[in-house]
Amino acid sequence: MDGMSLLTITVLAVFVGFEVVSKVSSTLHTPLMSGANAIHGIILVGAIIVAGQAADPWVLVVALLAVVLATANLVGGFVVTDRMLEMFRGRQRPPSNAVVPEDRGSVEPVKKEGRQ
Amino acid sequence: MTLLNPTWTALLYLAAAACFILALKGLNSPRTARRGNLIGAFGALLAVVTVFVSVKLDNIPWILGAIAVGSGVAAPVARRVQMTQMPQLVALFNGVGGGAAALVALLELSHTGDPWVRLAIVFTLLVGAVSFAGSGVTFAKLQGLMTTRPVTFPGLPALMAVVLLAAVGAGVVVILNGSLVLALVLLLLGLAAGILLVLPVGGADVPIVISLLNAFTGLAVAASGLVLGNVLLVVAGTLVGASGTILTRAMAAAMGRSVAGIMFGAFKGGSTAGSTAVSERPVRSSSAEDVAVLLGYAQRVIIVPGYGLAVAQGQHTAAELALALEARGIEVDFAIHPVAGRMPGHMNVLLAEANVPYESLKEMSDINSEFKTTDVALVVGANDVVNPAAKTTSGSPIYGMPILEVADARQVVFLKRSMRPGFAGIENELLYEPQTTLLFGDAKDSLTKVLGAVKAL
């Protein structure tokens, strides 16, 4: 593709990017950041191309490292965003005794927090 | 592998790019957010399948193995992470994405003689490396592996200037002759710049830096798309770069600060330095039973959650307390400061986890006028976001940050671990006001006691 078309696409993408998040409420800032973070994991496509065209072993090793990192970004990003969002529910509160079965009456939470 | 013709490849990439736009659009509303994210994941899957059938690739078993390793490590971590540790995980994923972009650009250097392409390579190397190293430092700060306080030393601005100048010099040489050695030097300089960039940023500003680095990684990916001539990378990277920039500005605005002020504030000694001194002034501390009486006979209660709630994993107990109060006919809302917790929207995620409907989570601008008609403002593990010093003390590091006006409420109850100042390290005058009551202890323990006492009323 020639440079001018790429520039056109880039500029239009900038405007779409500005427009699409300009009115988002702060409620969703964290999931939005996380979701956008997952999307740039698409660098995986670039890493696959480079790894698939690697001729010498040194290049292949570095390219495969890039594939691992990019996959972690892409897969981890979407999974963690989905985990955040599955918790967003509308006004359909379950009965109060079903809210936190694992917390009721237990003195010590099962999972320990890593930091204090 | 059978090769797809270029038209079909372009169409599939276009479909993937549309999926990404729909994903970001969907993330604008709680109702459509989850579907939006799934659309984004579908777009990514589509793009990855497309690349396998459209480009002639060698080493496919190796590539599939590397993808398996990456997914095998990231998916379980993402699934199991505690909600409180979400910010550092996002920082980590962002960093590895930036690192991947830098590596891709490095390997493409030998394939091109075009100076414009080399310019894109230099940009990707530098920005990707900054994002990788910067995200690593933010991860260390949030994970508690290093101090959250700003780290500065006398020569820091000069050192940063030297690193950047050297990077520009190395970049120019790489553009002119494509030297691989200097590209590696550039990579190292980028790593150094990333570390130097984030070290002086104070604790409370770290979330904004994550967002900024997220935008950086987007730009690096877009530039790597220019290097590879891949339109999808250009579009996806640019989308993230642009939306990340807007998001960063929105977050900074919520704190009443400029992005430049945050990034360079510590260079001038003006970042959130603060102190951790513990004041000796008298405060009114009280028992859980007294707090329960205050809450149980109120008509309107607003709960203000902060990071202390998250650390104590008290979100479920807070939700139960809200239900118990509502059962007594009391109107209860949660007031969410945009930067409560360690990341904008962090509190919303935590409380959503505890089944609090998002309609009960009120944004600062919507609820601030309601504190005047509120009987009790219950501040759980928050401090800086309700500190009147942001309005009154012009020398304060948080001066200018919009706060939740809890001082307008008839009674203010703080559940605090100790008298230590908050993340920004500034004393809170509100703690010494006559309408303020303090209940010391771990947020979850205190909430559990208050909940028990409310039920016993």
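**View 1. Domain layout and confidence of chain B in the predicted model.** Chain B is divided into domain 1, spanning residues 1-80, domain 2, spanning residues 94-268, and domain 3, spanning residues 288-456. The mean pLDDT of chain B is 87, and 93% of its residues reach 70 or more. For the complex, the predictor gives an ipTM of 0.79 together with a pTM of 0.77.

**View 2. The segment of chain B at residues 268-277.** Over residues 268-277 of chain B the pLDDT stays under 50, and for this segment the model has 31 contacts beyond four places in sequence.

**View 3. The interface of domain 1 and domain 2 within chain B.** The C-alpha centres of domain 1 of chain B and domain 2 of chain B lie 24 Å apart, and the contact takes seven residues from domain 1 and six residues from domain 2. Between them the two domains of chain B bury about 530 Å², with 88% of this area on carbon and sulfur atoms. Y13(B), F20(B) and L24(B) supply 66% of the area that domain 1 of chain B buries against domain 2 of chain B, which is more than any other three residues contribute.

**View 4. Helix α1 of chain B on the side of domain 1 that touches domain 2.** Helix α1 of chain B, residues 6-26, provides six residues, the largest share of the side of domain 1 that touches domain 2. The residues on this side of domain 1 of chain B divide into seven nonpolar, no polar and no charged.

**View 5. The interface of chain B and chain A.** Here 112 residues of chain B are in contact with 89 residues of chain A, and the area buried between the two chains is about 9200 Å², of which carbon and sulfur atoms give 72%.

**View 6. The salt bridge of R34(B) with D82(A).** Across the interface of chain B and chain A the rule finds one salt bridge, which R34(B) forms with D82(A), the closest N and O atoms being 2.9 Å apart. Across the interface of chain B and chain A there are also 14 residue pairs in polar contact, counted with both residues at pLDDT 80 or more. The side of chain B that touches chain A comprises 68 nonpolar, 30 polar and 14 charged residues.

Note on methods: Residues are numbered from 1 along each chain as its sequence is written. Chains are lettered from A and ligands numbered from 1 in the order in which they are written. This is a predicted model: local features need pLDDT of at least 70, side-chain atom pairs count only at pLDDT 80 or more; totals for chains, interfaces and linings use all residues. Side-chain values use heavy atoms; hydrogens and water are left out. Domain bounds come from an automatic or database domain assignment. Contact means heavy atoms within 4.5 Å. Buried area is the accessible area (1.4 Å probe) that two parts lose on being put together, summed over both. Helices (H or I, at least four residues) and strands (E, at least two) are DSSP runs, numbered from the N terminus. Ala, Val, Leu, Ile, Met, Phe, Trp, Tyr, Cys and Pro count as nonpolar, Asp, Glu, Lys and Arg as charged, and the others, Gly among them, as polar. A salt bridge is a side-chain nitrogen of Lys or Arg within 4 Å of a carboxyl oxygen of Asp or Glu. A polar contact is a pair of N or O atoms within 3.5 Å; within protein, one must be able to donate a hydrogen and the other to accept it, and residues adjacent in sequence count only if both atoms are side-chain atoms. pLDDT is the predictor's confidence in each residue, from 0 to 100.
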